[in-house]
Amino acid sequence: MSEDAFLETEVVAVGPFSRALASAMPYGAEMYTQTRPGTWVITGFVVYSLADRVRLADALHVDLDRPGSRRVDPAKVDLAAFAELFSEEESAEFVQLRDAGFRFYFTDAWEQREAT
């Protein structure tokens, strides 16, 4: 990867909203007061370096050489390794979403930056 490229790797979490999950949502609990329980919502966990991408893939047991393996089995996630990449709060949110039956997907976004 060249120095003028930007990498963002995200674990996308998709699942049904419940009031118990409001604090784990990306905009804060107060923004979800009108959201009906059962409504599908999306949130995620992001890293920004190539090294962290590899560490995250390892924690999630994602094979980077197999694009079809990007769906994460939350029961197989190495929570200790995941916690090394994210805050204690984010790690707790992952567990909360996992326990609520959310589905998780490993995604990459590459962006070429303009030379300055």
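This is a predicted model: local features need pLDDT of at least 70, side-chain atom pairs count only at pLDDT 80 or more; totals for chains, interfaces and linings use all residues.
View 1. The relative accessible area of Arg53 is 12%, and because buried means under 20%, Arg53 counts as buried.

View 2. The buried residues of helix 1 are Arg53, Leu56, Ala57, Ala59 and Leu60. Seen down the helix axis, these buried residues fall within an arc of 160 degrees, so they line one face of helix 1. The face turned away from this buried side carries Ala51 and Asp58, which are exposed. Helix 1 is followed by His61, which has its place in the loop between helix 1 and strand 3 (71–72). Phi of His61 is positive, near 60 degrees, in a residue other than glycine. Most residues other than glycine have a negative phi. His61 has a relative accessible area of 54% and is exposed.

**View 3. The largest nonpolar core.** This core has 25 residues, and those with the most contacts inside it are Leu56, Leu60, Leu97 and Phe104. The elements that give two or more residues to the core are strand 1 (5–16), strand 2 (40–47), helix 1 (50–60), helix 2 (79–85), helix 3 (88–99) and strand 4 (103–112). In soluble globular proteins, nonpolar side chains tend to be buried together. Leu56 touches Thr9, Val11, Val47, Phe82, Leu85, Phe86 and Phe106, with residues up to four places away in sequence not counted.

**View 4. Val47 in strand 2.** Val47, which is found in strand 2, counts as buried at 4% relative accessibility. Leaving aside neighbours within four places in sequence, Val47 is in contact with Leu7, Glu8, Thr9, Asp52, Arg53, Leu56 and Phe86.

View 5. In one of them, the rings of Phe17 and Tyr32 have their centres 5.8 Å apart and their planes at 20 degrees, so the pair is stacked. Phe17 and Tyr32 both lie in the loop between strand 1 and strand 2, so the pair ties together parts that are 15 residues apart in sequence. Both Phe17 and Tyr32 are buried. Phe45 and Phe82 form an edge-to-face pair, 5.6 Å centre to centre and with 80 degrees between the planes. Phe45 lies in strand 2 and Phe82 in helix 2, so this pair ties together parts that are 37 residues apart in sequence. Both Phe45 and Phe82 are buried, and together with Phe86, Phe94 and Phe104 they form one aromatic cluster.

View 6. At 1.5 Å a residue, the twelve residues of helix 3 should span 16 Å, and its end C-alpha atoms are 17 Å apart, which agrees. The buried residues of helix 3 are Ser91, Glu93, Phe94 and Leu97. Seen down the axis of helix 3, they fall within an arc of 155 degrees, so they line one face of the helix. On the other side of helix 3, Glu88, Glu89 and Asp99 are exposed. Helix 3 is followed by Gly101, whose phi is positive, near 90 degrees.

**View 7. The chain as a whole, for placing the close-ups.** The chain has three helices and four strands, and read along the sequence these follow the pattern β-β-α-β-α-α-β. Of the 116 residues in the chain, buried residues make up 34%. Among contacts between residues at least 6 apart in sequence, 68% join residues at least 24 apart.

Technical notes:
Residues are numbered from 1 along each chain as its sequence is written. Side-chain values use heavy atoms; hydrogens and water are left out. A nonpolar core is a set of buried Ala, Val, Leu, Ile, Met, Phe, Trp, Tyr and Cys residues joined through side-chain atoms within 4.5 Å. Buried means under 20% relative accessible area, exposed over 50%, partly exposed in between (1.4 Å probe, protein chains only). Contact means heavy atoms within 4.5 Å. The expected span of a helix is 1.5 Å times one less than its number of residues. The arc is that of the directions from the helix axis to the C-beta atoms. Rings of Phe, Tyr and Trp (its six-membered ring) pair if their centres lie within 6.5 Å; planes under 30 degrees apart count as stacked, over 60 as edge-to-face and the rest as tilted.
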